[in-house]
Every structure is written in C-alpha cells, then in structure tokens.
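I opened this notebook to record what I looked up in one protein model. The entries follow the order in which I consulted the coordinates.

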Amino acid sequence: SLCDWSSDVCSSDLYDNSFGAADPFITSDYVFAEIMKKGKGVIAVAIRNETKLSFTPVLEEKFHLSYPQVFQYSGKWYMIPESYQSGAILLYESKCFPYEWQKVKTIYNLDGIDSTIFNLSNKWYMFTTSNKTGKNLILTTYNFPYGPWSVVKENPLPKGYRGGGQVLYDNGGVFLPLQPPTKLIHGYGWKLEVYKVNPDLSMKYVKTLMPPKGAGGLHHLSCIPGTNQCMIDLRRYKKH
C-alpha cells in the first residue's frame, strides 16, 4: 500500500492519515519515517522530493517501531529503529535497499528509545535512553554495528533526555539534537536542544531549537551530511 502524506490520501484504510509521518531520517535519495497502522508504528520509505512524499511501508513487527535510524557502513545499509516494546535494541540490514529489510540480531538488551549512533575520534558510540526509567546511556563497540555493545558512560545528561534526530558533524565537532524532558502541558516533543559531545563523552549545551509559529512542537531534526538540506518533525495543534 502507498501513502501520500502530502495530500493526506492513503490507498489503504489500515493507515492513519491524521498521524502523518514522524521521525524522518534522510539519505541522498530517500526519506525513512514512522507511519501509523492501527495504532502501531511501522517503518516506511519515500523517494526524496521537495514537493511530495509518498510513503511505502517496508518494515513491520508485532511491536511498535519508530525512529528509523538508517545508515551506510562498509557498503551495506543498516537500520536501528526504536523497538522499545520488544525490550531490546535491534539491528536490521537491507537486502535490497531501500525496500527489503531483515533483522540481523539483538545488539543490546534495553528498552531503548530513540537510539542515535555517532562517531567520535574514529570510534563508534550510541546514545540511548531507557523508556521505563528515563536513564540515558552511551554505548560503544569495537565491532560496529554488530557489537557486542557495552556501556561506557551513564547519565551524561539528566534523566528524560532522548534522541532527537541524526547526528550533526561540523568542523570536527560532533553534535546531537536531543529532546529534553519537560513538565509543560505540551508534554513530549515540545522543543529540541543541541549538545556537543566532548572527547570525554560529557555533553556541552549549544542551543535550543523552538517550533515555528503555528506548530505545537518540534522533536526531530535530520540533515544530509555535508549539505544544508534538513528536515524537521513538527507537531500540529489540534483543531477544536
């Protein structure tokens, strides 16, 4: 089934058009995102286009999936989606990019949400947060991306911080867009904060990104490396 979110038309009534598409991760040619099927997130892909995105579902599990972090490494395409309902962080590999995906293995036993990978000083890391406790961790591995992964730093930020999109590299610096915890009535997805990852894996606040006028929230930023082309995820205000 093919879903055209630009015109809120979907060829299957299984999918929730009012939800739209969330958590976009972009490559040079495609946009991966979460769409909603009967209250459960599935991963879909669209050919990148400035005026129209038509999403085709490509990965579904018995549990909720979102935040489809897609990346290329050693000539292969991988995905680490949010799969916290399974109780584990899972690794998928594309057998026919971008439409066919197969689970490779469980890479860490944690109900991790919005896991974000980054490379610092030629070493791979992952920032992730436990859905149950709100505790955030930085993991590392010498066998990227298969693991084993292990904890190298606990709570680099206060509880409740979670990933907010693709890592940003600029002038040798590594920057993570993150969603801060909030007690505001708006709740989840109100704004983003950008943090620079220091060599000792401590996090330095850089700036806050607020939603534009007319939006109910901003919780995701994705940019194509080496370009000024980015995509954000905005929450709409509910109409009464």
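Predicted model: local features only at pLDDT ≥ 70, side-chain atom pairs only at ≥ 80, totals over all residues.

**Entry 1**

**Entry 1. The open sheet**

I looked up how the strands from β7 onward are arranged. Four strands make up an open sheet, in the order β7-β8-β9-β10, with antiparallel pairing. I then asked which strands stand at the edges. They are β7 and β10 (100-108); each has a single partner strand, so one side of each lacks a neighbour in the sheet. From one strand to the next, the twist averages 30°.

Strand β8 (residues 76-82) pairs with strand β9 (residues 89-96) in the antiparallel sense, over two bridges. Opposite M79 I found Y92 of β9.

I next followed β12 and its two partners. Strand β11 (residues 112-120) is joined to β12 by seven bridges, and the two run antiparallel. N119 faces W124 of β12 across this pairing. The two strands form a hairpin with two residues between them, and S121 in the turn shows a positive phi of about 55°.

On the pairing with strand β13 (residues 136-141), I recorded six bridges to β12, again with an antiparallel run. The bridge partner of F127 in β13 is I138. β12 and β13 also form a hairpin, here with five residues between them, and G134 in the turn has a positive phi of about 80°.

How many residues of strand β12 (residues 123-130) are buried? I found six of the eight, so the strand is largely enclosed by the rest of the structure.

**Entry 2. Positive phi away from glycine**

As background, most residues other than glycine have a negative phi, and most peptide bonds are trans.

D114 is not a glycine, yet its phi is positive, at about 50°. I located D114 in strand β11. Is D114 buried or exposed? Its relative accessibility is 1%, and because buried means under 20%, D114 counts as buried.

L201 is likewise not a glycine and has a positive phi of about 70°. I placed L201 in the loop between β18 (192-197) and β19 (203-209). With a relative accessible area of 6%, L201 is buried.

**Entry 3. Cis peptide bonds**

I recorded a cis peptide bond from F97 to P98, with omega near 5°. P98 belongs to the loop between β9 and β10. A cis peptide bond also joins F144 and P145, where omega is about -5°. P145 lies in the loop between β13 and β14 (150-154).

I then looked up a distance that involves P98. I47 and P98 are separated by 51 residues in sequence and by 9.6 Å in space, C-alpha to C-alpha. I47 sits in strand β5 (residues 40-47) and counts as exposed, at 54% relative accessibility.

**Entry 4. The disulfide**

I asked how many disulfides the model contains. The count is one. It joins C223 to C230, with an S to S distance of 2.1 Å. The torsion about this S-S bond is about 105°, so the disulfide is right-handed.

I compared the surroundings of the cysteines. C223 is buried, at 11% relative accessibility, whereas C230 is partly exposed, at 45%. I also looked up C96, which is partly exposed at 40% relative accessibility.

**Entry 5. The second largest pocket**

I finally examined the second largest pocket, whose volume is about 350 Å³. Its lining comprises 16 residues, and the closest to its centre are V70, F71, Q72, Q166 and P225. The elements that contribute two or more residues to this lining are β3 (22-26) and β7 (66-73). Which element gives the most to the lining? I found β7, with four residues.

I also sorted the lining residues of this pocket by type: 11 are nonpolar, five are polar and none is charged.

Notes: Residues numbered from 1 in each chain as written. Heavy atoms only, no water. Disulfide = S-S within 2.5 Å. Buried < 20%, exposed > 50% of the residue type's maximum accessible area, 1.4 Å probe, protein only. 1 Å grid on protein atoms, 1.4 Å probe; cavity = no way out; pocket = protein on both sides within 12 Å on 5 of 7 lines; lining within 4 Å. Points joined across faces, edges and corners; volume = space filled by probe spheres on them. Nonpolar A, V, L, I, M, F, W, Y, C, P; charged D, E, K, R; others polar. Pairing = 2+ DSSP bridges. Axes fitted to C-alpha atoms, helices over the stretch in contact; angles between N-to-C directions.
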